[in-house]
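Colleague: I'd like to go through this model with you and ask how you back up the labels you put on it. Can you show it to me?

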Amino acid sequence: MPRGVGARLLACLSLVAWTGSAQAQDLESRAAAARDADDIPGALSLYRQAVQEKPGWLEGWWFLGLLAYQSGQFADGRQAFTEFTKLDAKAPAGWVFLGLCEYETGDYSGALDHLERGFASGSRMEPEVEQVARFHRALLLTRAGAFDRARDELKPFVERGIHDPVLIAGIGLNALEMLALPQDVPAGQRDLVEMAGKTACAWIAGDTRQTEAGFRSLLGAYPSAPGVHYLYATYLLVSRPEAMNGELQRELEVNPGNARARAVMALRLRLAGDADDAVLLARKAAEDSPGLGLAQYAYGVVLTETGALSDAIVHLQAAVRIDPDNLGYHTALATAYSEAGRYADTYRERQASIKLARESRGPG
Amino acid sequence: MGQASLAAVTWLALAGVGYSAERPAVKFTCATCHRAEAEAQPKTAMGIGMELPPNQTVLRAHPKLTFERNGYTYTIESSGDQSTYTVSDSGGKFSLPIRYAFGVHSQTFVLEYEGRFYESMVSYYASLNGLDVTVGNGKISPHNLVEAMGRLTSDTEITACFGCHSTGAVSDGKLTLASIQPGLTCEHCHAGAKAHLESLAAGKAGPLPKRLGQMNAEQTSRFCGECHRTWDEIVKLRQFGEANVRFQPYRLANSRCFVGDDPRIRCTACHDPHADPVREAAPYDHNCLACHSQNALPVAGQDVPLPKVCPVAQKKCVTCHMPKVKLPGGPSVFDDHQIRIVRSGDPYPN
C-alpha cells in the first residue's frame, strides 16, 4: 500500500481527541516520529505501549493495526483492528483492514463478513484500499460459492488490463467454480486453473480469437476435469447456443454432482418445450444443492411454467434469500406471484426489481 | 372455434372427406375452420410485418424521399419494383438496394452490406409523410458514408428483428432468409398449426395447437412480449424512462390494476390480435368499466383491493389514464400502457 494512504484514511475518521497524560502524549509523539522515520518496529512498540496506557485511543489502534498489516504481522493487526472497530463501528476502513488481516491469518469466514461490513456502509474509501479489499472479497466470494458476485468483482481488474498471476488464478478458480483460494490450489491443478484463468480473462477482455484458442487447449488438455465443459457451455450460450446442451451433458457425465450444470440444462430444456425433463433435472439440482441460488431459481422457473405456483414461489423465494442482489431471481419471483394472483406481492416484487435494476450495473 | 366450424370439422372427419382414396382430397387451410381470423389477420400491421420487393407499397407511394442530417443527404428512390437507399456527402455517395422494409405505416429499412445487416439511419414516418432519424440512432455521429448509412446490428439483434416481422426467417436461432414470408402467419403465434392441418388432412382431429385464449394475463403478457418486449426483458436491460413507452407489456405489468390471473387485464381483453388496434378512446371504456364500476365482479386475484370507481368520468377513460407519450428522438407517439392516475407534474414512472 502506498505510503501516506494510512494517514489520509485517518483524516477521514472521526477520531477521539487525545486527552492523555504528558507521558502518553510523549509516547504519541515518539510513535509518530518513528512512523515518519520508517522505523516500523519502533513505531509498533511505541503504539503498543500507548494503547495499553490509553485503550480508548482510536488513532493509536489505527496506526498499530496499519503498521502491523504493512509489516506482515497480521495477527497483531487483527487484534488492533478488532479494538479499533469496537471504538468506531462506523468507519468502513476499520472493518476492511480487519477483514484483510483475517484473510492473511486464515480466518476466511470472518474476513468475508468484515469485508462485506466495510462495503455495506456505502462510505467512500481510499481507492488503493478499496481495490485491495474488493480483490480479496472476490477471492473469498469464490471460495464461498458466490461465483456470480465474485465474477462481477473480478471483471473490472481484467478490463483494466491487469495480468497478475494471483488474479489469473482467482479468475480460473471462479471460472471452474472451485471452492478454493489461489494459495490453496494443489500443485497438480495449478496448470488447469491457470489455463482456465487465462481463457476466462481473454473472454472478459472480448478477445474472441484468444478465447476460442484457450478453450481448445483447455478442453484438449483437461477433457475430464470438473467445470471445464460447464465453463465452455456458458461461453457457447451467446456464440453457439445450439452446441451448449452437448457441453452441459458432457459436464454432467464427468461431474455428476454439478448442480449448476443440471440447473442450466433444466432451463435449456424448458426453453425447448421439454417441461417434464426440465422439472426432473431442476428438482434434482434443487434437492442436491439447497444452498445454490441458481438451482432454486431453475426449479422455481420450471415449476412456474407447469403451473405449480405455490411450490414455484417457495423455491424462488429461497433463491432470492440466497442471493438478494440477483435481478433475475427477483423478476422470476414477481412473475410467479403475478400468475398466482398475489397482487400485493407482485407489485412489491416488481418495484423491488426495478429499484435493484436501477441501482446495479449493466444488463443482468 | 365457432360452433359452425367445429361442426364442419367433425362432419368432415366422420365422413372421411379429404383422406379417403375414393374421394377427392380437400385441402385444409386455417381458413377452412377459422375463416374470419384467417381473412382479417393478413391485412393487419402484424400480418404484413414488412414489405419485400416487388410489394413495397409505402415506398412506391413515395417515389422520392430525402432527408439531411449531420452533413449527409439521404435519398430513397423507387422505380419499378426496386427501391434504392442512398447516402451522400460532399465527397461522394453510397447506395444500396432496399430489400427489407420493416413495418407498415412507418418503416425502417434493413440494409445488407458485405454480409452484415445495418439498421437504416433514417426511417419513413407516416405522421411526417417523410423521413427522419430512426428511433435510437439520434446520438450516432457518423464518420463516413457506411456509418452514415446505418447502424451495424449484432446477429442476436437482427435475428430478433426478422423473427418478429416475418415468418420462416429464423430457424434454431439462425437466419434462414431463403424461406422468409413477410409478416406473422398463423403458425407464428399458433405453434403446431401446421401439424394440426396435416393431421386433419390425414383424417385425424389432433394435435391441437395451444389454446392461447386460455392464457391468463401474465402468460398473455409474456407471449405478446416475445415481440413487444416482456416486463422481465425491459427490467433486465434497464431501459427506463420514456423510451420504454413502446413496450406495452412492460408498461401494463407495472400498472396498479395488473393482476396476473385476471383475464380482464390481459392484452387480448382490449386488443383483437387478428385485427389492427382500435384508435378511438371510447371503445375501450367497457374494458375499464369491467373492473372500475359499481357492478363489476370482484377481481380474481388474492389480496386485491377493490377497484375504485372514477369520480371524474365514465367515458374515454384512456384519454386521462393512459396518456400519450412522445418517444424521445423521433416523431412517434404511443399510448402509455401503465394505467394510472396521472397527476400534473408527476415524472414518467419506471
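Predicted model: local features only at pLDDT ≥ 70, side-chain atom pairs only at ≥ 80, totals over all residues.

Colleague: What makes B:V304 count as partly exposed?

Modeller: B:V304 has 19 C-beta neighbours inside 10 Å. Buried takes 20 or more and exposed 12 or fewer, so with 19 B:V304 is partly exposed. B:V304 is found in the loop between α14 (285-289) and α15 (318-321) of chain B.

Colleague: Leaving aside neighbours within four places in sequence, which residues is B:V304 in contact with?

Modeller: A:Y343, B:V259 and B:V299. B:V259 is 45 residues away in sequence, yet its C-alpha is 8.1 Å from that of B:V304.

Colleague: How many residues of chain A and chain B are in contact with each other?

Modeller: On the chain A side there are 22, in contact with 22 of chain B. α19 (327-339) and α20 (343-359) of chain A each supply at least two residues of that chain A side. α20(A) gives the most, with 9 residues. By class, the chain A side has 9 nonpolar, 8 polar and 5 charged residues.

Colleague: Which span is α8(A) set against?

Modeller: Helix α8 (residues 127-143) of chain A has 17 residues and reaches 24 Å from its first C-alpha to its last, close to the 24 Å expected at 1.5 Å a residue. Its buried residues include A:V129, A:A133 and A:H136. Just after α8(A), A:G145 has a positive phi of about 90°.

Colleague: And what is the reach of helix α7 of chain A?

Modeller: α7(A), residues 108-120, has 13 residues and reaches 18 Å, close to the 18 Å expected. In α7(A), A:A111, A:L112, A:H114, A:L115 and A:G118 are buried. The cover over these buried residues includes α6 (92-105) and α8 of chain A. Just after α7(A), A:G122 takes a positive phi of about 80°.

Colleague: Which residues touch the most other members of the largest nonpolar core?

Modeller: A:Y47, A:A266, A:A282, A:A285, A:A298 and A:L316, out of 104 residues in that core. Helix α4 (residues 58-70) of chain A gives the most to the core, with 9 residues. Leaving aside neighbours within four places in sequence, A:A266 is in contact with residues including A:A282, A:A285 and A:A298. A second, separate core has 28 residues, B:V87 and B:F102 among them.

Colleague: Why are β3(B) and β4(B) called a pair?

Modeller: Pairing takes at least two bridges, and β3 (residues 72-79) and β4 (residues 82-89) of chain B share 7, running antiparallel. B:Y74 stands opposite B:V87 in β4(B). The hairpin of β3(B) and β4(B) has 2 residues between the strands, and B:G80 takes a positive phi near 65° there. β4(B) also pairs with β5 (residues 92-97) of chain B, in the antiparallel sense over 6 bridges, with B:T86 opposite B:S95. The hairpin that joins β4(B) to β5(B) has 2 residues as well.

Colleague: In the open sheet of 5 strands in chain B, what is the strand order?

Modeller: The order is β1-β6-β7-β8-β11, with antiparallel pairing. β1 (50-51) and β11 (150-152) of chain B each have a single partner strand, so they stand at the edges, with one side of each left without a neighbour in the sheet. Inside that order, 4 bridges join β7 (residues 108-113) to β8 (residues 116-120) of chain B, and B:L111 stands opposite B:Y118.

Definitions and conventions. Residues numbered from 1 in each chain as written. Chains lettered and ligands numbered in written order. Contact = placed C-beta atoms within 7 Å. Nonpolar A, V, L, I, M, F, W, Y, C, P; charged D, E, K, R; others polar. Expected span 1.5 Å × (residues − 1). Core = buried A, V, L, I, M, F, W, Y, C linked by C-beta atoms within 7 Å.
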